[in-house]
Amino acid sequence: MPFSRAHKADFLLLVVTLLAAISWMFSREAVLAMPPLLFMSLRFLLASFLLSLVALPQLAKLDVGQLWRCVRVGLVFGIAMSFWVLGLAFASHVGEGAFLTSLGVVLVPVIARVVFAESVPGSTWLALPVAVAGLALLSLEQGLHLEAGQLLFITAAAIFALYFNLNTRAANTIAIRRANGEIVEHTRIPALALTTVVLAVVGVVTGVLSLCFEPWQSALSDLTGTLIMWIVLSATVGTALRFLVQTYAQSLSLQSHGVVIMVLEPMWTALMAAAWFGEGMSTLQLLGCGLIFLSLLVNRWRAVRKLIRIG
């Protein structure tokens with residue numbers, strides 16, 4: 001059975017969740033040895049530079065309007081990443097932070113509906129509470145303790161949801177009705193060019209914040225071959241490849257509810273952390289993984305039903 005654009009997008013977003021989980025391992029190794037904002041700036045700028053080597057023909061064709069849409073997506077993404085890092089710095093319960101940040105994916109259809117008046121299928125609304133319950137069991141084994149760090153994670157999650165929607169809309173041709181009733185069409189921005197500019201803007205935003213709040217001299221003097229390896233792996237696999245695949249997947253469909261597939265990321269992360277760092281998983285966490293997977297089946301029930309019929 002040939003893949004439809006929606007099925008292809010679902011598969012690619014599944015690949016993105018695996019790349020994101022792998023990237024989390026690289027990032028964790030790197031931030032143990034250098035300031036987090038500086039790491040993210042180097043990671044995103046290097047990723048953007050590598051993509052620009054092949055994106056130059058696309059970048060040269062962008063008009064001012066398209067370039068501004070790219071920058072807007074990058075600014076929103078950069079602000080979200082900054083709130084996330086500040087949350088990581090202030091939080092004493094990292095599991096809760098992972099749960100709260102993952103809610104950004106759950107909020108994507110909500111933002112799409114409220115801000116952009118996008119229609120969302122009923123199956124997505126049914127899947128969301130199941131996904132939240134799964135994320136809670138996966139991450140909140142010790143309970144929820146609201147503190148400054150958690151509020152920063154919540155803010156980051158909401159901004160991440162806005163970023164996902166803006167990125168989807170930038171990667172697709174959309175028609176916008178102005179206040180005077182005039183309909184203006186915004187043409188799609190090629191995934192490679194969009195990703196390149198967005199990553200560059202994130203690198204600049206986090207770099208400026210790092211310059212203001214973090215010590216650079218000691219960090220750069222302590223660079224080792226191993227640390228450089230983690231930075232390069234994070235920039236190539238965890239950033240350039242990951243976000244290029246994600247943006248291309250989002251360009252295949254203007255509908256934002258498919259991004260709910262990315263709730264798999266914390267599940268893969270937990271499983272990989274158990275293997276990579278020797279961390280154990282409790283029965284409740286395994287049950288949470290099961291609920292997250294169930295939420296995806298509910299969200300994509302029509303496709304699942306077709307597969308069952310074919311089988």
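What share of contacts in the chain between residues at least 6 apart in sequence join residues at least 24 apart? I looked this up for the predicted model and found 86%, where contact means heavy atoms within 4.5 Å.

Before going on I noted that in this predicted model local features need pLDDT of at least 70 and side-chain atom pairs count only at pLDDT 80 or more, while totals for chains, interfaces and linings use all residues. Residues are numbered from 1 along each chain as its sequence is written, and side-chain values use heavy atoms, with hydrogens and water left out.

**Overall make-up.** I found 12 helices and two strands, taken as DSSP runs (helices H or I, at least four residues; strands E, at least two) numbered from the N terminus. Buried residues, meaning those under 20% relative accessible area with a 1.4 Å probe and protein chains only, make up 47% of the 311 residues.

**Ser23.** I located S23 in helix α1 (residues 5–31) and noted that S23 is buried, with a relative accessible area of 1%. Leaving aside residues up to four places away in sequence, S23 touches R43, G238 and R242. The side chains of S23 and R43 are joined by a polar contact of 3.4 Å, that is, a pair of N or O atoms within 3.5 Å, one able to donate a hydrogen and the other to accept it. I also recorded 7.7 Å between the C-alpha atoms of S23 and T239, which lie 216 residues apart along the chain.

Notes. Buried means under 20% relative accessible area, exposed over 50%, partly exposed in between (1.4 Å probe, protein chains only).
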